[in-house]
Amino acid sequence: MDTIWLVLALPLLGSLLCATHYRTLGKAATGMVASLAILGAFVASVQTAYQVQLRHEFTAHLSSWLHIPGISGLDFAALADPLSATMLCTVTGVAFLIHCFSMGYMADEEDYGRFFASLNLFVATMVLLVMANNLALMLVGWGGVGYASYSLIGFYRQKPSAVSAARKAFLINVVGDVALMFAIFIIATHCSTLEFKAFLQPDKLDLLGGDLILAGLCLMVGAYAKSAQLPLHTWLPDAMEGPTPVSALIHAATMVTAGVYLMVRCAPLFRFVHGQELLPMADDLNVIMMRFGAATALLAALCAIAQNDLKRILAYSTMSQLGYMFMAAGAGAYGAAIFHLVTHAFFKALLFLTAGVVIHALHGEQDIRKMGGLGKKMVGVQLAFLIGSLALAGIPPLAGFFSKESILLGVFGDGKSVEHELLWAVGILTALLTSYYTGRAYVLTFWAPAQHEGKLHYPSSSMTWPLAVLALATVAAGFGGHDLIQSIQGQAPPEESFGGLQLTALAVGVVGLGVAYSTHRSGRQRLVPEGADPYLRGCEAIDGLTKSLAASFRGFADKVAIKLDPVVSQVCPDLVRRSMLSTSTLLCQLQSGSLRLYSFTVLTSSTLLVLVVYFLSRFISGGGGQ
Amino acid sequence: MTSLSAMILLPLLGALFCYQTRDRNAVATARVVALLSLLQSLWALVDGPRQPFSQPWLPQLGINFDLALHPAGLAMLVLTPLLTWGALGLTRPGLERRSEYCGHLLMLLAGLQGLFLADNLGLFYVFFELILLPTLLLVARWGGERGRAAALKFFLYTLMGSLPMLLGILALGFQTGGNGLAFGQLAHLPEELQQSLFWLFALAFLVKLPVFPLHGWQIDLYRTAPAPVAAVVAGAMSKAGAYGLLRVLVGIFPEATAHFAPVVAGLALISILHGGVSALGAPCLRGVLAYSSLSHLGLLSLAVVSGTGSGQSGAILQMFSHGICTGGLFLVVAALENRGFSTEIKHLSGLARSTPQLAALALVLTMGSLGCPGLCSFPAELSMLLGIYTASPGLALLASAGVVLAAWYGLRFYQGTFNGPAQDGLRHADLNESEWVAMLPLVLLCFGVGLFPDLTILQWTRALL
């Protein structure tokens with residue numbers, strides 16, 4: 001059995017242990033078991049990545065999984081290639097750090113065992129999603145992370161807002177699951193296999209014919225629901241109801257990137273080349289993907305400017321960065337998309353965990369207008385947040401600069417099409433907004449005059465060292481980009497000298513930060529006037545629309561169940577009763593006491609009976625005789 | 001116990017024995033019988049008597065005591081004793097006339113085992129009617145004030161369905177001229193005959209499932225029956241209808257089924273949507289489960305009449321997984337009622353605080369029921385919807401609305417009961433050992449079938465095909 005299965009088995013085992021033996025283990029041991037399980041999974045992932053380096057790619061079969069007549073390749077099997085190995089290492093690595101952080105962060109919680117069981121389960125399902133060698137098994141992991149995300153968003157299950165946020169996240173994810181199911185149906189009926197390596201071959205893709213675009217669209221809808229892209233993004237800001245480590249792991253670093261992973265995994269379908277020309281319909285898909293990515297990036301960044309809740313700012317920022325990744329995937333820069341996915345996992349996890357420390361220190365306060373003055377009291381934390389912010393703003397030499405740069409270059413392409421130039425411009429504008437709102441959050445939290453009183457709750461050492469490691473990774477990851485892109489894309493990225501494009505991106509980053517610093521240093525809370533808010537909050541308007549639709553459907557359902565169904569389900573018994581009643585009335589009238597009527601009735605009915613039996617037997621034997 | 005007939009005889013004798021025992025021993029006795037019956041079925045599954053059993057009974061009419069294992073019935077043979085076992089484990093403390101109650105449950109078990117084993121249409125009909133009797137008695141006697149009315153309504157509906165079936169069987173009996181009504185001998189009926197007899201049979205199964213608009217009995221029965229009985233009825237007995245669709249309609253009337261498929265598919269589609277929407281609005285837990293059954297079994301019928309291998313193989317899996325989840329959820333309702341909770345959703349909130357273990361089991365079963373990947377309904381729904389998609393993509397799209405609705409009302413069921421602010425400071429007892437033992441197998445199966453559908457079920461059913 002390959003070590004790759006350990007990556008799945010250890011978190012699963014850890015989850016089971018935490019769920020069932022929490023009471024006998026006690027708090028400290030539970031956290032330790034969960035963290036060690038993930039550490040083991042990380043080591044196994046690294047080992048797998050090493051094997052991939054040696055053997056290139058390989059498939060590990062465990063057992064048969066599901067048998068559907070006419071479909072092959074539905075096995076419980078794992079695919080190890082550069083893409084899945086990169087994802088496995090990132091997921092388990094970041095997850096390990098966040099598990100360690102959580103041991104300190106969640107120390108006062110009552111349901112410690114449930115938390116770690118769910119967190120471990122999340123890692124297991126995410127790993128399954130990444131390693132599955134066929135689309136149907138991937139859907140198991142896909143739905144599994146949806147469940148894990150649901151259970152962790154709703155971790156504080158007594159709190160109504162958390163409960164409804166969890167429900168919303170789950171339902172939107174189910175919509176995505178159904179879309180993915182339809183992608184499976186389309187591919188299965190045409191190609192009769194669901195194995196990635198099989199159906200992504202040109203001869204199989206040829207069989208899809210005109211349904212290629214449908215299959216691609218279904219995959220995209222699935223990815224959009226999971227990765228919070230417009231218009232299926234409304235669950236992500238609400239998901240911040242979960243504990244902060246959960247937001248860091250699931251709703252920033254790993255799960256929400258699953259959609260990007262899917263796009264890259266199915267890249268041949270979107271870049272399906274016929275002869276030399278890209279098929280027009282595949283091209284359509286890419287254009288849609290880029291436009292939606294750009295729109296999400298921009299609108300989410302605008303919305304982040306209007307937020308005052310630290311975690312919601314980071315949530316909209318995550319959405320916006322995912323938009324970048326989809327832009328890259330649409331442009332065919334898959335290596336850049338995965339590169340940004342990895343660096344974003346590091347710096348966004350860093351930002352979220354630091355935000356967690358800040359929120360912890362202020363006893364649960366999340367409003368940046370009520371923070372301030374923390375810079376001198378928590379120097380290390382401030383430094384960690386600064387590193388994360390600079391990476392997010394795209395300032396070299398931090399990882400975010402390189403990965404965002406490679407995306408913008410990929411989108412710009414050869415610069416010959418106006419569409420690409422426009423999308424690049426949107427990317428630059430988003431970068432400007434990004435560095436501004438990041439700077440605003442940083443300055444208001446740490447350097448504006450303090451808006452709070454009372455004693456700070458300082459973090460324990462188990463909470464600070466993961467920050468240090470993530471900060472280190474944020475600094476270092478940028479330099480591995482070239483190799484990563486090469487291994488994902490299969491070819492080296494084009495060598496670019498430092499030119500005007502990069503300079504523009506760098507300049508907007510610096511400008512954004514500068515504006516933020518000069519505006520908010522004094523404690524001023526907003527730059528844009530309040531009247532502009534409705535324009536900034538486009539994303540939230542969609543949320544409102546979804547909510548009112550759901551509410552009216554809910555009212556409709558109540559009416560159906562309480563008013564309509566009792567009527568409908570009474571129709572049949574009423575029919576039966578009415579026909580019985582009329583028959584009996586008729587029969588009563590016959591009971592008149594008249595001997596002549598009786599004899600007539602007996603005669604006619606017996607004749608009728610004989611006739612009926614005769615014709616029935618004729619009919620049946622006639623029917624059978626043919 | 002080398003013969004398939006022992007699988008019917010054991011619960012039957014157990015039932016007769018139960019009627020004689022004292023009330024305080026009855027539940028324990030019945031549980032032993034259910035357990036033995038379960039072991040028998042498991043043994044039959046793994047390495048059992050594959051030889052059909054045959055004994056002349058009414059040879060003039062072609063009705064013989066023919067028993068055989070059939071892929072569609074195989075999983076149900078395991079599920080039925082398991083649900084009976086679970087239902088007995090959640091018997092309401094202090095229930096009066098327990099020996100009768102347990103006897104009736106075992107009688108129902110015997111009837112269902114016979115139904116899923118019968119290899120002769122006449123025998124099938126006998127068992128199809130036989131299961132009605134204990135159900136009626138259970139609901140009428142232990143179903144509270146409205147139990148009698150619900151039982152009467154159920155009886156009338158079933159009668160409306162099964163009298164035509166009796167006529168159909170007689171007609172077939174005359175037709176085949178006493179050659180026998182064994183399923184194997186009825187395989188190649190001429191198409192005209194199939195079409196003329198189709199509805200006589202279809203009606204019975206569509207009532208039993210039920211599908212819209214024949215579902216009037218269901219909501220009343222599920223609301224009034226003792227919750228453990230409802231678990232067996234919803235989990236196992238309603239599958240008699242599904243089994244009939246697969247075994248009789250597809251097996252004996254394949255051409256007619258294909259011919260009338262659009263009508264059945266239309267009713268099934270309405271059931272999916274109407275059931276889903278009603279489940280979302282239903283005010284009580286039992287109502288949610290009743291309408292969700294309507295919706296799920298609508299999907300099952302749609303998959304069966306899609307006429308595709310994947311649809312029918314998924315339907316076989318769905319019979320099993322729907323039984324696990326809906327049966328299990330009725331047991332959860334039973335556990336709640338045994339603790340004195342109301343089942344009106346608006347009166348419930350935050351029970352996870354006082355009964356975390358029950359909440360955990362309910363969560364798994366709810367997730368299983370709404371088709372969460374990794375749990376039992378997912379492979380079934382994937383396979384069924386694929387079959388429906390192959391037959392008609394548009395129909396699959398409409399049917400998939402049922403999946404989204406299922407997630408919605410499923411969460412309403414679970415969150416409404418167990419999440420939210422806890423209402424009172426009272427701590428209610430969490431699950432006791434007997435309840436754990438009753439429900440744990442269902443939860444484990446929910447995982448097992450979801451993660452490895454091929455190893456747990458499909459390979460056995462395939463071996464028989």
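This is a predicted model: local features need pLDDT of at least 70, side-chain atom pairs count only at pLDDT 80 or more; totals for chains, interfaces and linings use all residues.
Of the 626 residues in chain A, 56% are buried. If you take the contacts in chain A between residues at least 6 apart in sequence, 80% of them join residues at least 24 apart. On charge, chain A has 37 positive and 36 negative charges, and their mean positions are 11 Å apart.

Next, the contact between the chains. The area buried between the two chains is about 5300 Å², with 72% of it from carbon and sulfur atoms.

Helix 6 of chain B runs over residues 132-142 and is mostly covered, with eight of its 11 residues buried. The buried ones include L132(B), P134(B), L136(B) and W142(B). What do the buried residues of helix 6 of chain B pack against? Their partners are helix 4, helix 5, helix 7, helix 8, helix 9 and helix 10 of chain B. After helix 6 of chain B comes G144(B), which has a positive phi, near 75 degrees.

Helix 15 of chain B, residues 356-369, has 14 residues. From its first C-alpha to its last it reaches 20 Å, close to the 20 Å expected at 1.5 Å a residue. Helix 15 of chain B is also mostly covered, since 11 of its 14 residues are buried, and buried means under 20% relative accessible area. Among those buried residues are L358(B), L361(B), T366(B) and M367(B). Helix 15 of chain B is followed by G371(B), again with a positive phi, near 85 degrees.

Back in chain A, one residue in a helix. T519(A) is in helix 22 of chain A, which covers residues 500-520. Is T519(A) buried or exposed? Its relative accessibility is 8%, so T519(A) counts as buried. Leaving out residues up to four places away in sequence, T519(A) touches R524(A) and L527(A).

Last, some backbone details to look at on the screen. There is a cis peptide bond from L230(A) to P231(A), with omega near -5 degrees. P231(A) sits in the loop between helix 9 and helix 10 of chain A. In chain B, F212(B) and P213(B) are joined by a cis peptide bond with omega about 0 degrees. P213(B) is in the loop between helix 8 and helix 9 of chain B.

S192(A) is not a glycine, yet its phi is positive, about 50 degrees. S192(A) is in the loop between helix 6 and helix 7 of chain A, and it is partly exposed at a relative accessible area of 32%. In chain B, R97(B) has a positive phi near 50 degrees and is a residue other than glycine. R97(B) lies in the loop between helix 3 and helix 4 of chain B. With a relative accessible area of 40%, R97(B) is partly exposed.

Terms used:
Residues are numbered from 1 along each chain as its sequence is written. Chains are lettered from A and ligands numbered from 1 in the order in which they are written. Side-chain values use heavy atoms; hydrogens and water are left out. Buried means under 20% relative accessible area, exposed over 50%, partly exposed in between (1.4 Å probe, protein chains only). Contact means heavy atoms within 4.5 Å. Lys and Arg count as positive and Asp and Glu as negative; His and the chain ends are not counted. The place of a charge is taken as NZ of Lys, CZ of Arg, CG of Asp or CD of Glu. Helices (H or I, at least four residues) and strands (E, at least two) are DSSP runs, numbered from the N terminus. The expected span of a helix is 1.5 Å times one less than its number of residues. Buried area is the accessible area (1.4 Å probe) that two parts lose on being put together, summed over both.
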